[in-house]
Structures are given as structure tokens and as C-alpha cells.
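Visitor: Hi! Could you walk me through this structure?
Guide: Happy to, let's open it up.

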Amino acid sequence: MNGIDLFIIEIFFAAIAAGLIGSLVGLGGGVLIVPLLTIAFGLDIRLAIGASIVSVIATSSGAAAAYVRDHLTNVRVGMTLELATSIGAVTGAFVAAYLNARVLFILFGAILILSVLPTVKKLGENVPTDVSNDRISSRLKLASTYPDRASGGVVSYNVTKVPLGFGMMYIAGVVSGLLGIGSGALKVLAMDTAMRLPMKVSSATSNFMIGVTAAASAGIYFWRGDVVPVIAAPVALGVLVGAMVGAKLLIRFQNTTVRKIFLPVLAAVAIEMFLRGIGVV
Amino acid sequence: MSMQKSPTTRESVEEDQPVSTAMEIQPGPHPMEIYISYVLRIGVLIAAAIISIGTALFVAGIGSSTGNPKTINDVLGSGGHSIPVSPSSIFHGIASGNSIAIIQLGVLALILTPMTRVAMTAVLFMIQGERIFVAITTVVFLVLVIGLVGVGS
């Protein structure tokens, strides 16, 4: 076994840990991959982003499959907004080629901090009432229902401010294509605060959209040569394993306690990325 | 909400049995969700299997290694751009049993998984006569195709 084989095995196990932590804090298995590969392994941020975007497709598709089957995902809302996220992702991947690596570090740090903030104070746990469908929502019949395990019945909900949500989704798509993350936090933010979807539906639908968003930019990174097989393969396989274990653990443990443990870690990682960008570290 | 024909309270919906037959009244595209779920699951499984095989062959040193990186510096030294990627390089690589090309095929399978899901959703919306959604889904598919053929490369 030579150096490069060891390198692959090290990345594989580190990616398991990153995928596990990412899924436990609820930000998705791929969120820590770029910091891991750049800070711990010293890799070029472009190659880190290329490997990360591929792993995002893998983890999100697995989770999305489960949510869709459980009828939590609003497929119509997801498909409509994928229009915005996929175009945004192509834009982001295209623009990334012209940005300095330092700018990417700064952006990554900033987005990671922004993603951590809402999870500190969990927003919108309750199903929003007093929401009426806007014109587009009525036209596209976006209002739907989801099963409520506690009562055993179904909860119906409306969807509002589709244009605003659509605009926010475009930005989420750009961020995803630019930084190689799923940008699930931004997607949930758009559906939760603008379109007033129930939190469970927002999370599930966000997951549904992440795979398509990531696939839109992954091809660009792939042919560009930024998806290096000896890096991307152990990352994708490791994150997949980590996220699967994380999902199993989440059922058993209290979500909030897990978050309290790992959120400071994420905040530290975000600051580190930011400082690298401005050239302090 | 009152203007919608939304299925407000159907208490009898059994969430543990997705293939329920009592779904005809439910306007939600229930069979569609089952198909989507399968496509995503199977796509990721296939891709992960191909990537695993390629990685295992690489680490074990089996198969042709023409152009493969031998050291970490081969990967990092040139910024990772030492191995040009093109459909023909992948095709020829696989034909000669190159482990790196096999991993690249697996990555392509992963990218194709959400694309397949979108294409299938378009067909299902077509069957249901949902014209607007056929249009939306088709545009999303076209954007993915543009992304895959590589605008920036």
C-alpha cells in the first residue's frame, strides 16, 4: 500500500465523520466536506468543491427517496422551484471559474455562519395558519397535505408568495453551484419564511430539490476536471455512510442536544474558512 | 383554501402502506411518489456500487493504470487537472479496465440520477394531463442537460 492509497482511505474515514456531523446538525452530510478537504487535507478549494457537489447528490437523493415515499415532500412546489435553483446552480458553477480562491473561502465562511444561525433558534415548528394561496399557488395547485404521525390524520396547508420564494431559490441555487453545497438552509428559509410552508414539508421538499440543484452544476465541475476521482470517490462513499448512520442515530437521540454539541464546531469551522479568505490564517 | 379541491381531512390515509388502493380520491400524485422514490434509491445504489468497484480496483492496483495518478503529488501538483476528462477518455478507459475511468462512470451515474427523476416526473405529469407541470419539468430537464454538456468547460 503506497501513499495515494493511504490518502484515499484517510479521506474516506474523515468523510464518514463529516457526513455524520453534518447530518446530525441537520445541515446535510455535504456541508463540512469543503472545510475538511481544504483545512485538514490542504487541497485546492476548487477540487474540494468538485468532490463536495458530487457527494451532495448522493446523500440528498437517499434522504429525498424516504421523504417522498412518506408523502412529506410537496413535489409540485419542488418542481416549480427547481426551475429557479437549477438555473441558479448553472450560473454559480459558471461564475465560480472566474472567482479567486480567497473569495470562495470568504463566501463559504459567510454562508456557513448564515446556515448555522437559524438552527440555533429553531424557527416555525408549528404549522402556520392564516396563510392564503397567492395567484400562482392557486393556478399551480400547490396547496397540499401531509401525514401527521402524532394525530394519525393529515394536515392541510396553503402556499403563498411564490415569486419571492422563487427569487430566494435562485440565490440558493447560485450559492450551491458556487460553493458545492446543497444550500438546504437557504432553501428551507425561502419555503419557511416566504412561502409559509410547514417546517416538515420545507425540509423534505428542500431535500428533494438539493439533488437536482447539485446535478445541474456537477456536470460543469466534472468536465472541467475539478471532480478528481481519487478525491471524489472516497468523499462520496464516506459521506453516504456517515449520513446514513447519522439518520439512524437521529431517530434515537434528542435532536437539540446533538445540535448543542456540534454547532460550536460548525461556527469555528465557518470562522476558520472566513479567516483563510481574508488571509489571516 | 376553500376554493381548493384539496383533500382536507381524510383521516383514513394509512401512511405505512404506500401502495394503498384507497387513493383514487386523493388528488396528490401518489404512485408518482413511489416511482420517484425508487428511481432515486436505485440510482444512488448503482452509482455507489460502480464508484466502490473503481476505488477498490484502484487501491488493489488491478487493471490498466495508464494515466492514473501514482502519488499524492500527481493529484495535487498540477492542481488535479492532470487527467483530462472527456466522454471518449472515459469510454476507452473502461474498455481497458482503467479503475479511474470506472470511478468517473460512477460519478456520471450519480449526476444522471436526479436527471432521470426529472425526466420521469415529466412523463408522469404528461400522463396526468398536467400541462403546466410538463412544461416546468421539461425546462428543468433542459437546464440539467445544459449543465451536463458543460457550459463552462
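Visitor: Where is the place of K141(A)?
Guide: K141(A) sits in the loop between α6 (135-139) and β1 of chain A. Helices here are DSSP runs of H or I with at least four residues, and strands are runs of E with at least two, numbered from the N terminus. Before going on: this is a predicted model, where local features need pLDDT of at least 70, side-chain atom pairs count only at pLDDT 80 or more, and totals for chains, interfaces and linings use all residues. Residues are numbered from 1 along each chain as its sequence is written, while chains are lettered from A and ligands numbered from 1 in the order in which they are written.

Visitor: What about the phi of K141(A)?
Guide: K141(A) has a positive phi of about 50 degrees, although this residue is not a glycine. Most residues other than glycine have a negative phi.

Visitor: And is K141(A) buried, exposed or partly exposed?
Guide: K141(A) is partly exposed, because 18 other C-beta atoms lie within 10 Å. A residue is buried with 20 or more other C-beta atoms within 10 Å of its own, exposed with 12 or fewer, and partly exposed in between, with C-beta atoms placed from the backbone.

Visitor: Where does K161(A) lie?
Guide: K161(A) is in the loop between β2 and α7 of chain A. Phi of K161(A) is near 45 degrees, a positive value in a residue other than glycine. K161(A) counts as partly exposed because it has 18 C-beta neighbours inside 10 Å.

Visitor: OK, helices now. At roughly what angle do the axes of α7(A) and α8(A) cross?
Guide: The axes of α7 (residues 162-179) and α8 (residues 184-194) of chain A cross at roughly 170 degrees and come within 9 Å. So α7(A) is roughly antiparallel to α8(A). Axes are lines fitted to C-alpha atoms, for helices over the stretch in contact, and angles run from 0 to 180 degrees between N-to-C directions. Angles under 35 degrees count as roughly parallel, over 145 as roughly antiparallel, 65 to 115 as roughly perpendicular and the rest as oblique.

Visitor: Which residues meet there?
Guide: From α7(A), they include L164(A), M168(A) and V175(A), and from α8(A), they include L186(A), K187(A) and A190(A). Two residues are in contact if their C-beta atoms, placed from the backbone, lie within 7 Å. By class, the contact of α7(A) with α8(A) has 10 nonpolar, one polar and one charged residues. Ala, Val, Leu, Ile, Met, Phe, Trp, Tyr, Cys and Pro count as nonpolar, Asp, Glu, Lys and Arg as charged, and the others, Gly among them, as polar.

Visitor: How do α7(A) and α9(A) cross?
Guide: Their axes come within 9 Å and cross at roughly 45 degrees, so α7(A) is oblique to α9(A). G173(A), S176(A) and G177(A) of α7(A) touch T213(A), A214(A), A216(A) and S217(A) of α9(A). Those residues divide into two nonpolar, five polar and no charged.

Visitor: What is M209(A) in contact with, beyond its neighbours within four places in sequence?
Guide: M209(A) is in contact with G78(A), L81(A), E82(A), T85(A) and K187(A). M209(A) is found in helix α9 of chain A and counts as buried because it has 31 C-beta neighbours inside 10 Å.

Visitor: How many residues of α3(A) are buried?
Guide: In α3(A), 23 of its 25 residues are buried. From first C-alpha to last, α3(A) reaches 36 Å, close to the 36 Å expected, that span being 1.5 Å times one less than the number of residues.

Visitor: Switching to chain B, how many helices and strands does it come to?
Guide: Chain B has five helices and zero strands. Buried residues make up 35% of the 153 residues in chain B.
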